[in-house]
Amino acid sequence: MHRIRSLTVLAASLVAITLLPDTAQAKRKSPLEGKPVVVRKLELRKLRFGITPFVGMSLSQTFVHKGYVGGKLHFDFTDWIGIQAKFAYGVINRDAKLLKALNDEAGGLPRGIPPNTAENPSVAPVRTLADFNSPAPLLHDFQSGLTRNNWLASFDVVFKPFSGKLGLFSGIFTEYDMYLFAGLGLANFGRHYPNAKSTTELLNLPNNSADVANYCRPAAGADPNRECYLHPVKADTGIKVGPSFGGGVNIFLADFASLNLDVHDIMTYNNAAGLNATTTDVPPKVDKQDANWNHNVMFSLGVTFYFPPKAKRSELKIGGKPVKTK
């Protein structure tokens, strides 16, 4: 009996020893109670302008790859939303593999008999008998309708859902943010071969498809010119409007500057080759039905400079009054 009483007393003592510290700790107020999760947060974006010079390259052009230089101006209303205006001008043109293959004399588009020769006294190339069964246009007709992008521009709303700190090599730490944007885009297209002329232009043939009686005929009552009739050409040049969207990341080098990597797509409804793509047109013609939606994707690398150059820090307020923190 005495032994049972002793064990009971010992158990009660252990329970008391275990609960008393927790009870005391529960009554003690934490120094972090009521404070925000982040104190003196560095507001790198809020109410700041940013200017970003950049270089870029196209990622999706079918016939001509582009190298761009440009700039971006943005303003952030808060740390997570803002607006931007962007412009990129094409300075480098590089033929894609497809265009090189089409221009290849060994296996590309038919070239025809050269003009102003004994075999062809005309001012326009003439299709050889061996190429009469080919459905492809002659090379000079294709080149006269081919277009390339000259410049891109957009106005977008920018959303920055992710931001934080980045550690490099376990010793270098910096801030970063990831963003998405969408808005309205503009793209300007011009002829890739500005001096190339189609058969219709070289022979000055009438090419109004509504005037069937004279369409592509060198003279009244004459047979239509084959190249003009079967392979009409109309370069789709000018400014095209379409949706703009993309995303990127900023890696801060300092409070006033960041490294910017960006992928931007502007969709345009245009006919890059300037050729007829429908089979129901009689006679064949080039119109809006031959166009389609194209992606003008650009990857860019730039450096963003922020104004004002010094970033603000958030303040801890208690009772409406700022509190100094270390």
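Which residues line the second largest cavity?

**Getting started**

What you have open is a predicted model. Color it by secondary structure to begin. The chain has 5 helices and 12 strands. Of its 326 residues, 37% are buried. Now think about who touches whom: among contacts with a separation of 6 or more, 70% are between residues 24 or more positions apart.

**Stop 1: the cores**

Select Phe63, Leu99, Phe142 and Leu146 and show their side chains. These are the residues with the most contacts inside the largest nonpolar core, which has 13 residues. Zoom in on Phe142 next. Leaving out residues up to four places away in sequence, Phe142 touches Phe63, Leu99, Leu102, Leu109, Pro137, Ala273 and Leu275. Apart from this core lies another one, with 8 residues, including Phe54, Ala88, Leu152 and Phe189. In soluble globular proteins, nonpolar side chains tend to be buried together.

**Stop 2: the cavities**

Across the whole structure, a search turns up 2 cavities of 30 Å³ or more.

Start with the largest cavity, which holds about 70 Å³ of space. To see its lining, select Thr52, Lys72, His74, Gln84, Val158, Lys160, Tyr179, Asn250, Asn260 and Thr304. Strand 3 (64–76) and strand 5 (147–168) are the elements that give two or more residues to this lining. Color the lining by residue type and you get 2 nonpolar, 6 polar and 2 charged.

Now back to the opening question. The second largest cavity is lined by Lys86, Phe87, Ala88, Leu152, Ala153, Ser154, His264, Ile266 and Met298. About 40 Å³ of space lies inside this second cavity. Here the elements that give two or more residues are strand 4 (81–95), strand 5 and strand 8 (257–270). By type, the lining of the second largest cavity has 6 nonpolar residues, 2 polar and 1 charged.

**Stop 3: Phe181**

Select Phe181, which sits in strand 6 (residues 172–191). Is Phe181 buried or exposed? Buried means under 20% relative accessible area. Phe181 has a relative accessible area of 4%, so it counts as buried.

Show everything that Phe181 touches. Not counting residues up to four places away in sequence, the list is Gln84, Asp156, Val157, Val158, Ser244, Phe245, Gly246, Gly247, Asp262, Val263 and His264. Then try your distance tool on Phe181 and Phe155: they are 26 residues apart in sequence, and their C-alpha atoms are 9.5 Å apart in space.

**Stop 4: the disulfide**

How many disulfides does a search of the whole structure find? The search gives 1. Select Cys216 and Cys228, whose sulfur atoms are 2.0 Å apart. The link of Cys216 and Cys228 is left-handed, with -70° about the S-S bond. Cys216 is in the loop between helix 4 (199–203) and helix 5 (226–230), Cys228 is in helix 5, and the two are 12 residues apart. Both Cys216 and Cys228 are buried.

**Stop 5**

Most residues other than glycine have a negative phi, and most peptide bonds are trans. Time to visit some exceptions.

Select Asn116, in the loop between helix 2 (97–103) and helix 3 (139–145). Asn116 is not a glycine, yet has a positive phi of about 55°. Asn116 is also exposed, at 58% relative accessible area. Move on to Asn204, in the loop between helix 4 and helix 5. Asn204 has a positive phi of about 55° as well, and counts as exposed at 67% relative accessibility.

For the peptide bonds, select Val282 and Pro283, which are joined by a cis peptide bond with omega about -5°. Pro283 is in the loop between strand 8 and strand 9 (292–307). Finish at Phe307 and Pro308, where another cis peptide bond has omega about -5°. Pro308 lies in the loop between strand 9 and strand 10 (312–313).

Technical notes. Residues numbered from 1 in each chain as written. Predicted model: local features only at pLDDT ≥ 70, side-chain atom pairs only at ≥ 80, totals over all residues. Heavy atoms only, no water. Core = buried A, V, L, I, M, F, W, Y, C linked by side-chain atoms within 4.5 Å. Buried < 20%, exposed > 50% of the residue type's maximum accessible area, 1.4 Å probe, protein only. Contact = heavy atoms within 4.5 Å. Disulfide = S-S within 2.5 Å. Helix = DSSP H or I, 4+ residues; strand = E, 2+ residues; numbered from the N terminus. 1 Å grid on protein atoms, 1.4 Å probe; cavity = no way out; pocket = protein on both sides within 12 Å on 5 of 7 lines; lining within 4 Å. Points joined across faces, edges and corners; volume = space filled by probe spheres on them. Nonpolar A, V, L, I, M, F, W, Y, C, P; charged D, E, K, R; others polar.
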